[in-house]
Amino acid sequence: MMIGMGDIYKVVVAMTPLYVALVLGYGSVKWWKMFSPEQCDAINKFVCYFTLPLFTFHFTSQVDPFGWNYKFLAADAISKVIIVIVLVAWAKGSSNGCYTWLITSFSLSTLTNSLVVGVPMLKAMYGDLGVNIVVESTVFQGIVWLSTLLFVLEFRKANDSSSLNIVDSQMVNDLERNDNSVSDTTIPRPSFLSMMKTVCVKLILNPNAQASVIGITWAFISNRWHIEMPTIVEESVLIMSKAGIGSAMFSMGLFTALQEKILACGVRLTLFGLVLRFIAGPAAMAIGCLAVGLRGDVLRVAIVQAALPQAIASFIYAKEYGLHADVLSTAVIVGIIVSLPVLIVYFIALGFL
């Protein structure tokens, strides 16, 4: 199957509304001065805890998990494990490696914007097979990998909070003793199990994790017993979920406007993010596919979908948890622009296999 100008036009049509929302968000701060930084944070929270979870639930609840290609999902899992092993080795063995960059690098190399760009592009390349695998990948990403990312981010947040509490308690003790020197009082750190319990509770209560679990549970029930979601429930979810991607891009525009430059993280980190997204991710997926024996068009689709641009949700989480949001915003903005020629190159190259 060849890609025509009509197919490319469909992809551009799907991508353009994203940049309309992005520019509106950018302009509302940079040009029209409509929102303060505090209000921008509030909008990001609204996206993180309302529109994005409802979008995830609505999409996940519509799939048929009984028709999935579980061999592809196994390959996807293997590729993520490979990336984690490489990143852990880098974090421990390199002077530049650290835990926080391990998290961000995992996001950059594994989390894709499958729906907006992936569905029209893969449909043009591989027909219904491409669409089915992209949908499977999107749902699996929401249930497993984004939930894993949330868990790690909550763990980091809990760890940082416990460290700050220890410092604050120490300062209070020093003041109460009316002593400028360091106090001999030792404040015990919370146990690992205590910190893990806090993280698990927060993850369970997180609307994004709940949306994924409830959505896939309903998908199994509805497809097993052919039960349709009540219209009143579906419409109540739909009215907010339609704003999911648009509001996320709008929030990214707000964040970009608050930075000193468009490429908020600089050219070096931008290139670093693009290499992880468009080279490391597909390479790991190729290894995973070969490991489980995928061949033919399924192998090609798996590799191409791994080269889709950065997931918008990864920026929303990075902004909410205060971890390299500048890098993720740049990866999304630039990644969507360069993804079209990159995907075409992959399609042509894989055609020789």
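Tutor: Let us begin with a pair of helices, α10 and α13, which are oblique to each other. Angles under 35 degrees count as roughly parallel, over 145 as roughly antiparallel, 65 to 115 as roughly perpendicular and the rest as oblique. This is a predicted model, in which local features need pLDDT of at least 70 and side-chain atom pairs count only at pLDDT 80 or more, while totals for chains, interfaces and linings use all residues. Residues are numbered from 1 along each chain as its sequence is written, and side-chain values use heavy atoms, with hydrogens and water left out.

Student: How close do the axes of α10 and α13 come, and at what angle do they cross?

Tutor: Two packed helices are described by the angle between their axes and the distance between the axes. Here helix α10 (residues 244-258) and helix α13 (residues 312-321) have axes that come within 10 Å and cross at roughly 50 degrees. Helices are DSSP runs (H or I, at least four residues), numbered from the N terminus, and the axes are lines fitted to C-alpha atoms over the stretch in contact, with angles from 0 to 180 degrees between N-to-C directions.

Student: Is the crossing of α10 and α13 left-handed or right-handed, and which residues of the two helices meet?

Tutor: A crossing is left-handed if the near helix is turned anticlockwise from the far one by less than a right angle, and right-handed if clockwise; α10 passes α13 in a left-handed crossing. On the α10 side the residues are Ile245, Ala248, Met249, Ser251, Met252 and Phe255, and these meet Ile312, Phe315, Ile316 and Lys319 of α13, where contact means heavy atoms within 4.5 Å. By class, this contact of α10 with α13 has 8 nonpolar, 1 polar and 1 charged residues (Ala, Val, Leu, Ile, Met, Phe, Trp, Tyr, Cys and Pro count as nonpolar, Asp, Glu, Lys and Arg as charged, and the others, Gly among them, as polar).

Student: What is the relation of α4 to α11?

Tutor: Since the axes of α4 (residues 99-110) and α11 cross at roughly 55 degrees, coming within 7 Å, the two helices are likewise oblique to each other, although this crossing is right-handed. Trp101, Ser105, Leu108, Ser109 and Thr110 of α4 meet Leu269, Phe272, Gly273, Leu276, Arg277 and Gly281 of α11. The residues of this contact of α4 with α11 divide into 5 nonpolar, 5 polar and 1 charged.

Student: And how are α12 and α14 arranged?

Tutor: The axes of α12 (residues 296-305) and α14 come within 10 Å and cross at roughly 155 degrees, and the helices are therefore roughly antiparallel to each other. α12 passes α14 in a right-handed crossing. The contact is made by Arg300, Ile303 and Val304 of α12 together with Leu343, Tyr346 and Leu350 of α14, which by class are 5 nonpolar, no polar and 1 charged.

Student: What surrounds glutamine 141?

Tutor: Glutamine 141 has its place in helix α6 (residues 128-176) and is buried, with a relative accessible area of 6%. Apart from neighbours within four places in sequence, glutamine 141 is in contact with Thr110, Leu111, Thr112, Leu146 and Ala311.

Student: How many disulfides does a search of the whole structure find?

Tutor: A disulfide is a pair of cysteine sulfur atoms within 2.5 Å, and the search finds 0 disulfides. For cysteine 48, the nearest cysteine sulfur, that of cysteine 40, is 15 Å away. For cysteine 200, the nearest cysteine sulfur is that of cysteine 48, 18 Å away. Cysteine 48 counts as buried at 1% relative accessibility, whereas cysteine 200 is partly exposed, with a relative accessible area of 34%.

Student: Where is histidine 226 found, and what is its phi?

Tutor: Histidine 226 is found in the loop between α8 (207-225) and α9 (231-241), and its phi is near 55 degrees, a positive value in a residue other than glycine. Histidine 226 is exposed, with a relative accessible area of 69%. Histidine 324, in the loop between α13 and α14 (325-350), also has a positive phi, near 55 degrees.

Definitions and conventions. Buried means under 20% relative accessible area, exposed over 50%, partly exposed in between (1.4 Å probe, protein chains only).
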